[in-house]
Amino acid sequence: MSTFDDSPIPAPASDDFWMRRALALASEAAEAGEAPVGAVIVGEDGRLLAEARNSPIASIDPTAHAEILALRAAALALGNYRLSGATLYVTLEPCVMCAGAVVHARLKRMVFGARDLRFGGVRSKFRLADSEILNHRLAVEEGLLAAEATTLLEEFFRARR
């Protein structure tokens with residue numbers, strides 16, 4: 001997990017660029033025996049704030065999802081739990097826990113790759129991120145590099161069955 005990277009980012013750093021970074025993190029998670037999910041948070045200025053990969057097994061922590069770890073690191077980097085203006089890129093649709101944390105962090109936008117048909121908290125099962133009954137809603141875009149994210153997940157779980 002890293003935070004606040006001042007190294008130059010190729011201009012313009014597009015959604016595709018950041019999602020490919022999240023996919024690289026997901027691959028690292030798979031290599032470590034964790035479910036292949038990666039997350040990247042980018043500030044409104046286009047700078048990388050934080051990135052993380054799933055690690056509940058290694059950390060013995062059921063909350064150590066990529067999104068939660070990235071949110072924690074981004075908040076520390078900014079010195080504020082509110083990440084207004086930031087965008088989360090994540091390879092898999094967040095679960096209810098992660099979707100709730102994203103809402104609490106007041107992110108502006110979320111881009112995710114593959115839907116999680118069993119546990120998805122943003123589109124598949126629930127719509128927490130843009131629910132009208134909550135005090136904050138964020139823009140949600142889905143499907144970016146979904147085929148790559150889905151393939152990574154399928155290959156990971158196929159190898160374990």
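Biologist: By class, what makes up the lining of the largest pocket?

Modeller: The lining has 13 nonpolar, four polar and nine charged residues, where Asp, Glu, Lys and Arg count as charged, Ala, Val, Leu, Ile, Met, Phe, Trp, Tyr, Cys and Pro as nonpolar, and the others, Gly among them, as polar. This is a predicted model, in which local features need pLDDT of at least 70 and side-chain atom pairs pLDDT 80 or more, while totals for chains, interfaces and linings use all residues. Residues are numbered from 1 along each chain as its sequence is written, and side-chain values use heavy atoms, without hydrogens or water.

Biologist: What volume does the largest pocket have, and which residues are closest to its centre?

Modeller: Its volume is about 670 Å³, as the space filled by probe spheres set on the grid points. Of the 26 lining residues, Leu-92, Asp-116, Phe-119, Leu-153 and Phe-157 are the closest to the centre; a lining residue has an atom within 4 Å of a point of the 1 Å grid.

Biologist: Which elements give two or more residues to that lining?

Modeller: They are helix H2 (56–59) and helix H5 (146–159), and H5 supplies the largest share, six residues. Helices here are DSSP runs of H or I with at least four residues, and strands are E runs of at least two. The chain has five helices and six strands, in the order β-α-β-β-α-α-β-α-β-β-α from the N terminus on.

Biologist: Why is Leu-117 called exposed?

Modeller: Its relative accessible area is 60%, and exposed means over 50%, buried under 20% and partly exposed in between, with a 1.4 Å probe and protein chains only; Leu-117 is therefore exposed. Leu-117 lies in the loop between S5 and strand S6 (139–142), and, leaving aside neighbours within four places in sequence, it is in contact with Ser-124 and Lys-125, contact being heavy atoms within 4.5 Å.

Biologist: Which residues of helix H4 are buried, and what do they pack against?

Modeller: In H4 (residues 96–105), the buried residues are Cys-98, Ala-99, Gly-100, Val-102, Val-103 and Ala-105, and they pack against helix H3 (66–78), strand S4 (87–92) and strand S5 (109–114). Arg-106, which follows H4, has a positive phi, near 65 degrees.

Definitions and conventions: On a 1 Å grid over the protein atoms alone, a cavity is a set of points where a 1.4 Å probe fits but cannot get out, and a pocket is an open set with protein on both sides within 12 Å along at least five of seven lines; lining residues have an atom within 4 Å of a point.
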